[in-house]
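Colleague: I would like to go through the aromatic contacts and hear the reasoning behind each label. Please show me the model.

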Amino acid sequence: MKITARELNRSTLHRQLLLERAPLDVAEGVRRVVALQAQLPGSPYVALWNRLVGFDPAGLDAAFAGREVVKATLMRITLHAVHAEDYPVFREALQPTLYAAKLGSRTGLPPAEVRALVPGLLEFAAVPRGSAEMRGWLEERVGAAARDGAWWGLKGYAPLHHHPTGGPWSFNDRPSYVAAGSGPLPEGPEGAPEALRRLVVRYLEGFGPASVADVAQFGMLRRAPVRRALAELDGAVERLVGPAGEELFDLVGAVRPDGATPAPARLLGMWDSVLLAYADRSRVVPPELRRTVVRVNGDVLPTLLVDGRVAGVWRPAEGGIEATAFEELPGRAWEELAEEARSLCGLLAGRDPELYARRYGHWWAKLPAGRVRLLPG
C-alpha cells in the first residue's frame, strides 16, 4: 500500500494528538504520545497543553509527584517523561545503548566494576537523593578521583527517576534522584528481544508509520535488531510504501487519516518529540528549515506548526508571543496562531512567562530573515 506525504503527515499528527486536542487525563495523554522530551522542565507542560483539552499544569505536577508519569534518561540518552508502566520496558529495550554510552566510556573504571555498583546505589536511592549525596556515596566506594566519572555514567545508566524538586515546572536545576524499582538489569550490554519488540510497537502506536531508520533513531538503536523485531512482529505489523518509495511499517488496523484532513496551527515547545523521533523528519520539518530549527548543538527551537508542518519559530516576548514565519502565511493561519498564543500566555503566566527566552534567546540573532509578528497574550 502506498502512502502519500500528506497522509504520512496527518497520520503522525493524529498519533501525536496534534490534529485535535484529546479529552484525556495527563497520565493517559502521556501514554498515548509515548514519550515527551524533558531536558527542559517546562517542555512536557507545553507539549501536553498542545495535545490535551483543558490541560491543567497541576495535573502534570500531581502525576510526577505520584510517579504515574516519570522523568528519566531514556531514548537518545536524553531526559524523557513517560508513563510509569512504560518505563521498565523502555529501559530494558534501551540497555545496549545506555550501557555503551554510559558505562563504555568516560567513567574511568571498567564497565563491569561500575555496573556492580548499581544494586547498592539503588538501595541508597530508595529515598530521594541529591547529586552531592550520590557522589558522596560513590566516593566511599571508588575514591575521590573516580567519583565524578562513575556518577556521570551511573546517573544515565542506572534505573533512576528524577524526583520532583519544586520550581515552576516540578523540576529545577538541582536534580534529585530516586530508584525506579523496575527490577534487576540485564547482564552486560545485551538487550532483551521481547522488550525491544514492545518498544517498537509503542513507537508505532505514537509515531507510525515509520522506517527501520526512524525506529532506530528514536531509541539510538542499531538497525539490525530493530529490523529483526519488526520481522518477529509479522502479523501485527504491515508494510507500506512511503512517498519516496521507501519501506515503512505500521500496526495492522492503525488509523491513517486522509491527507485532506485539516491540521490546526500549533505552537510547539522546544524539543517537541514530533520533531525528533525520526531519521527522516521531512514529514513535519521542511528540509530547507531543518538546520534553522534544529541547531548544531542539538537545541530544537520552539516552532510554529502550520498546516501540519514547521513554518517558523516563536518565543515569549513583552506582551505576548513573538512569532517569526519563514514563509508567507495566510490570514487564517495567523488567526489560529494568535488564538493559540493567548492560551499559551495563560499557561505561562502562572509559571514562567519568560520560558526559553532567557537561556535560548541568543539563537534569534542567528535566524534568517522572516515575517515577525507579536501575538498578544
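Colleague: What makes Tyr-360 buried or exposed?

Modeller: This is a predicted model. Tyr-360 has a relative accessible area of 6%, and buried means under 20%, so Tyr-360 is buried.

Colleague: How many aromatic pairs does the whole structure hold?

Modeller: A search finds 14.

Colleague: Why is the pair of Phe-207 and Phe-218 called tilted?

Modeller: The ring centres of Phe-207 and Phe-218 are 5.4 Å apart, with the planes at 45°. Rings pair within 6.5 Å, and planes under 30 degrees apart would be stacked, over 60 edge-to-face. Phe-207 and Phe-218 are both buried.

Colleague: What makes the pair of Trp-271 and Tyr-360 edge-to-face?

Modeller: The planes of Trp-271 and Tyr-360 stand at 85°, and the ring centres are 5.6 Å apart. The angle is over 60 degrees, so the label is edge-to-face.

Colleague: Which parts does the pair of Trp-271 and Tyr-360 tie together?

Modeller: Trp-271 lies in the loop between β9 (266-268) and α14 (290-293), and Tyr-360 in helix α16 (residues 357-360), so the pair ties together parts that are 89 residues apart in sequence. Trp-271 is also buried, with a relative accessible area of 6%.

Colleague: Where does the charged end of Lys-71 sit?

Modeller: The charged end of Lys-71 sits over the ring of Phe-171, 4.3 Å from its centre. Phe-171 belongs to one aromatic cluster with Tyr-45, Phe-55, Phe-64 and Trp-169.

Technical notes. Residues numbered from 1 in each chain as written. Predicted model: local features only at pLDDT ≥ 70, side-chain atom pairs only at ≥ 80, totals over all residues. Heavy atoms only, no water. Phe/Tyr/Trp six-rings, centres within 6.5 Å; stacked < 30°, edge-to-face > 60°. Buried < 20%, exposed > 50% of the residue type's maximum accessible area, 1.4 Å probe, protein only. Helix = DSSP H or I, 4+ residues; strand = E, 2+ residues; numbered from the N terminus. Lys NZ or Arg CZ within 6 Å of the ring centre and 35° of its normal.
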